[in-house]
Amino acid sequence: MNLVTGTEINYYFVCKHKLWLFTHGINMEHNSDYVDIGNALHEKSFTREDKEILIDGRIKIDFVRNQLEIHETKKSKAMEEATKYQILYYIYYLKMKGVDGVTGVIHYMDNHSKEEITLREQNEEKIKQIIEEINKIKEMDKPPQKVKSKVCTKCSYYELCFC
Amino acid sequence: MKRSVYINTNGRLSRKDNTLYLESETYGKKPIPVNNTQEIFLFGEIDLNTRLINFLGQNNITLHVFNYYGYYSGSFYPREHLPSGFLLVKQVEKYKDEYERLKIAKEIINGATHNILKNVKYYSNRKEGLDEYVERIENERKNVKDAKTISELMGVEGRIRNIYYSAFEIIIDGKFEFKNRTMNPPDNPINALISFGNSMMYSTVLTEIYNTQLNPTISYLHEPGERRFSLSLDISEIFKPIIVDRIIFSLVNQKMIREEHFDQELGMCYLNEKGRVIFQREFDEKLATIIKHPKLNRSVSYRRLVRLECYKLIKHILDEEEYEALKMWW
Ligand code: SF4
């Protein structure tokens with residue numbers, strides 16, 4: 001399996017320019033704007049006893065009864081997609097590791113709604129595609145186009161991109 | 001915004017748990033908050049130990065050390081906390097390719113001399129006799145683009161700087177005598193101010209570089225690693241006129257810095273403690289000055305402009321966007 005991190009999946013959806021910078025070691029001091037659950041999952045061997053993982057003091061994943069729970073504040077549509085696929089990727093990743101039947105829940109803190117996430121066949125196909133594209137972007141010798149959208153003003157790369 | 005801490009007293013700097021303490025006879029034991037400190041300047045005679053150094057390293061705080069006369073001795077540059085091997089390779093490539101190196105070096109000089117010219121023009125609107133200097137600098141600036149080698153470029157820069165320095169006496173209304181720039185050691189008050197200011201600038205730029213992926217030893221205008229973090233020397237060129245020289249002019253013209261703020265010894269002249277404190281205060285305030293950045297459409301501090309200069313270099317090195325040095329637009 002060609003590994004990518006959850007952060008990379010996330011950035012793929014938010015902005016491919018950012019994904020390129022990030023994967024080339026161009027990080028900002030405060031990369032507080034991403035859902036960095038991936039690294040922990042890769043570093044820790046994931047056992048059923050793990051009940052709760054807290055990363056960056058910001059995002060909490062509860063691993064309860066084969067369910068991943070992510071508590072997120074709603075940002076924008078782009079962020080939602082990104083978070084959703086990040087979770088789908090973890091579920092996929094766990095499945096590859098032989099942990100079956102994990103489902104996910106995103107709790108949107110601001111309006112108390114939640115979204116259930118299940119890995120379907122078409123998601124799996126898409127994830128494979130995304131992984132392939134991420135690896136292509138990583139190999140590019142220059143960063144791809146900037147998104148130049150609303151997300152930029154809140155992005156930690158804003159000054160780098162637009163100065 | 002994170003702070004810079006200037007320590008002028010003698011004493012001891014230590015770590016206790018997660019706090020830094022400065023103990024001195026004058027002020028007793030004083031905590032220094034770590035979370036919003038980005039760099040520390042040591043001017044006094046300070047005792048410290050490796051526990052402290054490790055702690056600074058963990059918190060990504062740079063430490064700049066100055067000797068008794070206020071001359072820069074060196075910095076503690078903690079282990080890189082934002083390394084990018086990819087960028088480092090590219091940064092070196094741009095140095096090794098003569099054409100690419102010269103291109104960056106020229107743009108640095110372009111920015112630096114634009115800012116020099118801007119200073120002289122600013123004062124020529126207020127004082128008699130500077131028009132001639134404006135013209136001479138403008139003429140000499142035309143040679144920047146034709147320079148074929150780094151040393152030719154340095155020659156152009158040196159001539160512009162000489163014209164600029166010879167305008168200093170007019171700018172400061174002859175409050176101090178100033179004929180030539182001498183560095184090792186400075187022999188009169190203006191030279192002492194320039195040397196001191198430049199080393200403050202150098203240290204500040206170094207701290208900003210530290211917070212990016214750039215490697216401070218690989219430079220384009222200055223020869224890499226000539227005993228110093230030479231990229232910091234490169235970037236400082238752009239900011240010296242904007243920050244250091246402006247501070248000198250206003251401190252001298254407003255008589256905030258006077259003869260009594262200098263000590264002279266064996267033909268050398270240096271700012272004494274009182275003088276240094278005045279300069280540091282001005283320097284700190286200047287870096288905190290906020291202006292509207294037209295491209296970012298945001299307000300940024302002068303200090304942030306230094307960071308943005310690093311970002312622009314990064315983009316150039318990545319072949320993403322041609323580097324354009326900061327040219328004072330205000
Ligand atoms: S500022 Fe915009 S273009 Fe730049 S990395 Fe962030 S999202 Fe992408």
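**View 1. The surroundings of B:Phe279 in the predicted model.** In this predicted model, B:Phe279 is in contact, meaning heavy atoms within 4.5 Å, with B:Leu193, B:Phe196, B:Gly197, B:Val244, B:Ile247, B:Ile248, B:Leu251 and B:Leu271, where residues up to four places away in sequence are not counted. Apart from the core of B:Phe279 and B:Phe239, which has 133 residues and is the largest nonpolar core, lies another core of 15 residues, including B:Leu13, B:Val34, B:Leu52 and B:Leu63. A nonpolar core is a set of buried Ala, Val, Leu, Ile, Met, Phe, Trp, Tyr and Cys residues joined through side-chain atoms within 4.5 Å. Buried means under 20% relative accessible area, exposed over 50%, and partly exposed in between (1.4 Å probe, protein chains only).

**View 2. The two residues with the most partners in the largest core.** Within the largest nonpolar core, B:Phe239 and B:Phe279 touch the most other members. At least three residues of this core come from each of domain 1 (3-76) and domain 2 (85-318) of chain B.

**View 3. The two domains of chain B.** The bounds, domain 1 (3-76) and domain 2 (85-318), come from an automatic or database domain assignment. The centres of the two domains, taken over C-alpha atoms, are separated by 26 Å. Their contact takes 17 residues from domain 1 and 25 residues from domain 2 of chain B.

**View 4. B:Gln280 in helix α8.** B:Gln280 belongs to helix α8 (residues 273-288) of chain B; helices (H or I, at least four residues) and strands (E, at least two) are DSSP runs, numbered from the N terminus. With a relative accessible area of 3%, B:Gln280 is buried. Leaving aside neighbours within four places in sequence, B:Gln280 is in contact with B:Tyr6, B:Asn8, B:Phe43, B:Phe196 and B:Met200.

**View 5. The shell around the ligand.** The residues around the ligand, each with a heavy atom within 4 Å of it, include A:Cys15, A:Lys18, A:Lys146, A:Cys155 and A:Phe162. Two or more residues of the shell come from each of α6 (150-154) and α7 (158-162) of chain A. Helix α7(A) gives the most, with three residues.

**View 6. A:Tyr93 in helix α4.** A:Tyr93 lies in helix α4 (residues 77-96) of chain A and is buried, with a relative accessible area of 5%. The C-alpha atoms of A:Tyr93 and A:Phe162 are separated by 35 Å, and the two residues are 69 apart along the chain.

**Notes.** Residues are numbered from 1 along each chain as its sequence is written, and chains are lettered from A and ligands numbered from 1 in the order in which they are written. In this predicted model local features need pLDDT of at least 70, side-chain atom pairs count only at pLDDT 80 or more, and totals for chains, interfaces and linings use all residues, while side-chain values use heavy atoms, with hydrogens and water left out.
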